[in-house]
Amino acid sequence: MASQPTTTANTTDSPGRRLYNGSCHCGYTRYRCLLTFPPPAVHVTVNASITTRMRKCNCTSCHKTNFFHVRPQSSPDDFVLLAPTNPFDDPADGGLADYQCFAKFTHWFFCPKCGVRCFTFGGESELAEIDLGEWSGGEKEGKLTKVWRVKKEGWKEGDTSYLSINATSLDARQEGLDLREWHDKGWIVYLDMLDEEKENEMAPFEGGMY
């Protein structure tokens with residue numbers, strides 16, 4: 001595994017940090033995130049937090065759920081869940097369904113209505129009221145919206161804290177968002193977590209998929 005971030009020739013364009021909306025198929029789950037394209041670096045250590053990371057993993061959970069990882073540069077600053085208000089609530093009370101496996105650190109949330117998985121999370125979280133315009137770096141909206149988000153205090157990206165968005169749950173036809181570009185420009189890194197913890201290969205490992 002590389003010990004230092006490595007920029008690539010595929011990231012020569014000026015990166016832009018943009019606001020994107022995401023949701024499950026039925027709209028029960030809705031979120032907003034801030035992502036930077038092109039990513040400042042493509043090949044990074046697993047624990048690095050300097051870049052938007054696009055990953056496809058061959059472990060059984062990622063493979064079976066068809067989870068296409070895109071991780072924000074700073075999860076506490078770049079992701080808010082608009083609905084449901086608290087994913088940890090029981091689905092009967094308006095929360096998300098949850099699945100845990102292996103060490104049971106990560107919550108593989110999914111919509112209890114349509115089954116789509118929008119994000120996976122492990123760590124501390126909080127409920128907050130924020131101005132969404134101010135949060136995204138734009139003009140204030142003048143009203144507060146209740147959101148669920150990652151708790152910034154004590155957050156250690158990839159260590160004791162983890163958030164990954166399922167790229168296929170990002171809403172289609174948003175400006176600057178084209179998942180084909182991620183492949184064509186070589187921004188997707190494939191992980192081998194089935195046998196050994198390796199990355200930086202530009203093709204799937206055994207059992208993985210393009």
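**View 1. Thr106 lies in the loop between strand 5 (79-83) and strand 6 (107-108).** Strands are DSSP runs of E with at least two residues, numbered from the N terminus. This is a predicted model, in which local features need pLDDT of at least 70 and side-chain atom pairs count only at pLDDT 80 or more, while totals for chains, interfaces and linings use all residues. Residues are numbered from 1 along each chain as its sequence is written, and side-chain values use heavy atoms, with hydrogens and water left out. Thr106 has a relative accessible area of 16% and is buried (under 20% relative accessible area, 1.4 Å probe, protein chains only). Beyond its neighbours within four places in sequence, Thr106 is in contact (heavy atoms within 4.5 Å) with Tyr99, Gln100, Thr120, Phe121 and Tyr162.

**View 2. Phe79, Phe119 and Trp182 touch the most other members of the largest nonpolar core, which has 39 residues.** Such a core is a set of buried Ala, Val, Leu, Ile, Met, Phe, Trp, Tyr and Cys residues joined through side-chain atoms within 4.5 Å. Strands that each supply at least two residues of this core include strand 2 (30-37), strand 5 and strand 11 (188-192). Not counting residues up to four places away in sequence, Trp182 touches Phe37, Met54, Phe68, Val70, Ala167, Leu170, Leu177, Trp187 and Ile188. Leu34, Leu82, Leu132 and Val147 are among the 8 residues of a second, separate core.

**View 3. Cys24 is buried, at 4% relative accessibility.** A disulfide requires a pair of cysteine sulfur atoms within 2.5 Å. The closest cysteine sulfur to that of Cys24 is in Cys26, 3.7 Å away and therefore too far for a bond. Cys62 is in no disulfide either, with the nearest cysteine sulfur, that of Cys59, 3.5 Å away. The count of disulfides is 0.

Conventions
Buried < 20%, exposed > 50% of the residue type's maximum accessible area, 1.4 Å probe, protein only. Helix = DSSP H or I, 4+ residues; strand = E, 2+ residues; numbered from the N terminus.
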